[in-house]
Amino acid sequence: MAKDGKHDLDQATIDTIAVHAGEGADPTTRAHNLPIYQTATFTFETADEKEEAVDGALAWEPNRYFYTRTNNPTTAALEAKLAALEGAESAIASAAGMSAISAGLLAHLKHGDHLIVADDLFIISQILFAEDFPSRGIDVTPVEITNLEAVKAAMRPNTKIIFAEVLSNPWMRISDVPALATIAHDANALLVIDNTFLSSVTIRPLEFGADLVLQTTTKWISGHGDALGGIAAGSKALVDPIRRQTDLLGGAASPFNSWLIARGARTLPLRVERATANATQLAAFLEGHEKVEWVRHPSLASHPDRAVADRILGGKWGGMLSFKPRAAAGVDPLDAMRAFADNIALFGVGVSLGEVDTLVYPMPKRGGIFRISVGIEGSDDIIREFDRALAFVK
Ligand SMILES: *Cc1c(COP(=O)(O)O)cnc(C)c1O
């Protein structure tokens, strides 16, 4: 890894940033790789040093390591890497994507404020906005986020934030991030983006006008499905209140998880590129398949937001797609769904996404469609396995 963390990454590509940002020989041992500082607390030589640390920590401007709920060197290294990946001035890592989203929004909303959210968000975010925020005096309006006129019409004098995912779940609609940023900024509101489904390899929302990125690191960024984590990234002025909120709510990342996520993040660009290539080939294969009713992936000419994709995704379409098996006349679509899911063998059926292996997620409450997180396996092997399982669809 880079010698002393003094390397300049200003001109670097995302491939180099993923490997080198936040890295550098450990100052005490010169360990080549990031150590896991598996400690709750840090000690001081003198009473004055301790007092200085406590004062800094309680101003949420830590000047040294103090206590792992507030800061930790392994987590700080991860934060530096993730800030660089997002092109952000600052980032705060936390225990899960949901801690980044809840602390990130609560830090910037108060009783009486209005929040606009996309109407087809990740289900746990939907529940947070439908049940928890309103009961705490924050008004929430869900809107069809690809309908910019509807977003404008939903704005109120007390609207403080528009919150959207770049790629929606499971319909794979693409938010027009720059247009949403204009709507938000014209009203002195913030645009906050959850980019979990695509990652900074495909789009860096801050470069398209978003003010904050709040998302999970559990999925593509970690990439190996072995740790939960979240990240809030943006300007220091917007991230500092989230650092305080995360500390108050006790959402600290565990040092071991930070280490796992930093390790995974080093290969993020490679994995996303491979998953994109595999998903692009699988989408084309499924689109021509007689047992498939429709397939949605940003690479396809048939995608409803194709023009937006061309403008903001820069040809890196990501590894997420959705499709619906074609049930024969008189066959229940849910039986068609079961026939595919129950016969797929090489890949797991389960929640989550962004792992090295392909994951298949059946959605009976959405009419029997599938969300697929395409992995980094051999493309021909993925296609052969889908073809084999589709043969069971009647
Ligand atoms: C999984 C997910 C989250 C939540 O992340 P956790 O780490 O599971 O808390 C948030 N947003 C999206 C889009 C997700 O897919």
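Reader: How much space lies in the largest pocket?

Author: A pocket is an open set of points on a 1 Å grid over the protein atoms alone, with protein on both sides within 12 Å along at least five of seven lines. Its volume is the space filled by probe spheres set on the points, which are joined across faces, edges and corners. Here, the largest pocket holds about 570 Å³. Lining residues have an atom within 4 Å of a point. There are 28 of them, and Phe122, Ile123, Asn169, Tyr361 and Arg371 are the closest to the centre. This is a predicted model: local features need pLDDT of at least 70, side-chain atom pairs count only at pLDDT 80 or more, and totals for chains, interfaces and linings use all residues. Residues are numbered from 1 along each chain as its sequence is written, and side-chain values use heavy atoms, with hydrogens and water left out.

Reader: Which elements each supply at least two residues of that lining?

Author: Helices (H or I, at least four residues) and strands (E, at least two) are DSSP runs, numbered from the N terminus. For the largest pocket they are α4 (97-106), α5 (123-135), β6 (212-216) and β11 (359-363).

Reader: How do the residues of the lining divide?

Author: Ala, Val, Leu, Ile, Met, Phe, Trp, Tyr, Cys and Pro count as nonpolar; Asp, Glu, Lys and Arg as charged; the others, Gly among them, as polar. The largest pocket has 14 nonpolar, 8 polar and 6 charged lining residues.

Reader: What about the second largest pocket?

Author: About 480 Å³ of space lies there. Of its 34 lining residues, Asn71, Ala76, Glu79, Ala91 and Arg243 are the closest to the centre. The lining divides into 15 nonpolar, 10 polar and 9 charged residues. Helix α3 gives the most, with 6 residues. β1 (90-94) and α8 (236-249) each supply at least two.

Reader: How far does α3 reach from its first C-alpha to its last?

Author: The expected span of a helix is 1.5 Å times one less than its number of residues. α3 (residues 73-86) has 14 residues and reaches 20 Å, close to the 20 Å expected.

Reader: Is α3 mostly covered or mostly open?

Author: Buried means under 20% relative accessible area, with a 1.4 Å probe and protein chains only. In α3, 11 of the 14 residues are buried. Among them are Pro73, Leu78, Glu79 and Lys81.

Reader: What lies at the start of α3, and what comes just after the helix?

Author: At the start, a side-chain oxygen of asparagine 72 reaches to within 2.9 Å of the backbone nitrogen of threonine 74. Just after α3, glycine 87 takes a positive phi of about 70°.

Technical notes:
Buried < 20%, exposed > 50% of the residue type's maximum accessible area, 1.4 Å probe, protein only. Polar contact = N/O pair within 3.5 Å; in protein donor to acceptor, adjacent residues only side chain to side chain. 1 Å grid on protein atoms, 1.4 Å probe; cavity = no way out; pocket = protein on both sides within 12 Å on 5 of 7 lines; lining within 4 Å.
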